[in-house]
Amino acid sequence: MRQSHLFTKTKKEVPKDEASKNAQLLIKAGFIYKEMAGVYAYLPLGLRVLEKIKQIVREEMDAIGGQEFIMTSIQRKELWEKTDRWNDENVDVWFKSSLKNGTEVGFGWSHEEPITELMKQYLTSYRDLPTYVYQFQTKLRNELRAKSGIMRGREFIMKDMYSYSLDEAQHQTFYDATIEAYLKVFARVGLADDTFVTFASGGAFTQFSHEFQTITDAGEDVIYINREKHIAINEEVMNDTVLKELGVTREELEQVKTAEVGNIFNFGTVKCEQLGLSVVDADGKSIPVFLGSYGIGITRLMGVLVEHFSDENGLVWPEAVAPFQIHLVSLCKDAIDIKKADALYTQLHESGIDVLYDDRDARPGEKFADSDLMGMPVRVVISPRTLEKGEVEIKYRTSGDEKHVALTAVMTEIQ
RNA sequence: CGGAGUGUAGCUCAGUUGGCUAGAGCACCUGGUUUGGGACCAGGGGGUCGAAGGUUCAAGUCCUUUCACUCCGACCA
């Protein structure tokens, strides 16, 4: 991608109506645009990051048997009344509207009910189980107060997966597989060391649910962790009984601030019973279905990555999610040098490398500042100075390490 | 939803006890000089001062209402 053709540009100043680091940096660097409080548009650079994150999640969900589809944003009231989650006392984040004929509808803040209703058409026999489906959907939640930039919006993208299982054991197997898959996701985006499977309140069916919490000051949760034993407990369930059960003492735990990046939940058979989803077993007898739901906040995860990896010069993207792998910055002025820079760009591009080519007619200082701000993992500078020796300069965003490499050796160096 | 704060150019802001044609920096346009860490000179375009109502000879400035945004809290299967 030639930067001269890239839609959006960087800013020197951050908008004053943003206090969170993730929104400030992402707006400054031209990744997102704020429509209103808690509602953000994703510009080409931001969208690339989102798609990279989604692809990682997609691969890991597919690997454990998930099948991607997509539900609707407009939902029927009746389904939510069956589970008593339509009224504002029980769910206070509904956006509601009505059709021209007066029929009330809701905008999806979650999808268990409609997906389970859908499943009634397709799951009829024990032979149909287990079934695992997931989607990337825009969730709409009428939050009383949006905050923390893209980490807590009124409109956000979530991956939500649902498992329909024959029995407790089958459910548990997939539940455990999902924990492993989630850990792989967070490892792949670079958060392995600071993300913890955390015991949290479990609701009616199990003692605990599991949250995936990533350490960040921008988070909203407080958890207690033990890094050696890999145990983490949400403060909301921290008590002596729980400590005893998990075999740790209070003294062994460290208090940290975290953001919830993922969450898995066991609904038992209750949700399916409420909605009338059952299958017949081998004897032709009707039996209840076990439901599990598993979420990862995609846009929130992007926000956490910004909070986690940025520095005073701007964004610092982990390689796996960077919008481009390489930022090729050309300082060339005359036609012959520009031709060489163009050739290098073409070579990198045609090798299948995601490369952003700063071919703009701008001053070096501005280009370097923009490059740092946008945060690609590798910066390659080509200029009259480097070309004199037939070289380019390679600088790594994370470490700041810098080296000069022969023009002919760029490809091998980058691999 | 309770508390606090802020609304003036695309962005960041200044604007005195009410007073003349509402300003600066950044960004943008034109010309020139520059070119390895956000350059400089000259010129230029851009404003319902968040909105509505009121007081006044006169309102960005005072009063009332309202809307939006931010932060703290509450809330967040």
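Predicted model: local features only at pLDDT ≥ 70, side-chain atom pairs only at ≥ 80, totals over all residues.
Residues are numbered from 1 along each chain as its sequence is written, chains are lettered from A and ligands numbered from 1 in the order in which they are written, and side-chain values use heavy atoms, with hydrogens and water left out.

**Around the RNA**

The surface near RNA strand B is made of 20 charged, 14 nonpolar and five polar residues. In this count Asp, Glu, Lys and Arg are charged; Ala, Val, Leu, Ile, Met, Phe, Trp, Tyr, Cys and Pro are nonpolar; and the others, Gly among them, are polar. On the RNA side, sugar or phosphate supplies 43% of the atoms within 4 Å of the protein, and bases supply the rest.

| Side chain | Atom of RNA strand B | Distance |
|---|---|---|
| Lys 34 | phosphate oxygen | 2.8 Å |
| Arg 145 | phosphate oxygen | 2.6 Å |
| Asp 372 | base nitrogen | 2.3 Å |

Elements giving two or more residues to this surface include strand S1 (32-36), helix H10 (364-374) and strand S19 (378-382). Helix H10 gives the largest share, eight residues. Helices (H or I, at least four residues) and strands (E, at least two) are DSSP runs, numbered from the N terminus.

**A five-stranded sheet**

Five strands form an open sheet with mixed pairing, in the order S18-S17-S19-S20-S21. Two strands pair if DSSP finds at least two bridges between them. At the edges are strand S18 (355-358) and strand S21 (402-406), each pairing on one side only. S19 and S20 run antiparallel and are joined by four bridges, and Val 378 stands opposite Tyr 396 in S20.

**A buried asparagine**

Asn 266 sits in strand S13 (residues 254-268). Its relative accessible area is 6%, so Asn 266 is buried, a term for under 20% (1.4 Å probe, protein chains only). The Asn 266 side chain makes a polar contact with the side chain of His 171 (3.4 Å) and reaches the backbone nitrogen of Gly 268 at 2.7 Å.

Definitions and conventions. Near = heavy atom within 4 Å. Polar contact = N/O pair within 3.5 Å; in protein donor to acceptor, adjacent residues only side chain to side chain. Buried < 20%, exposed > 50% of the residue type's maximum accessible area, 1.4 Å probe, protein only.
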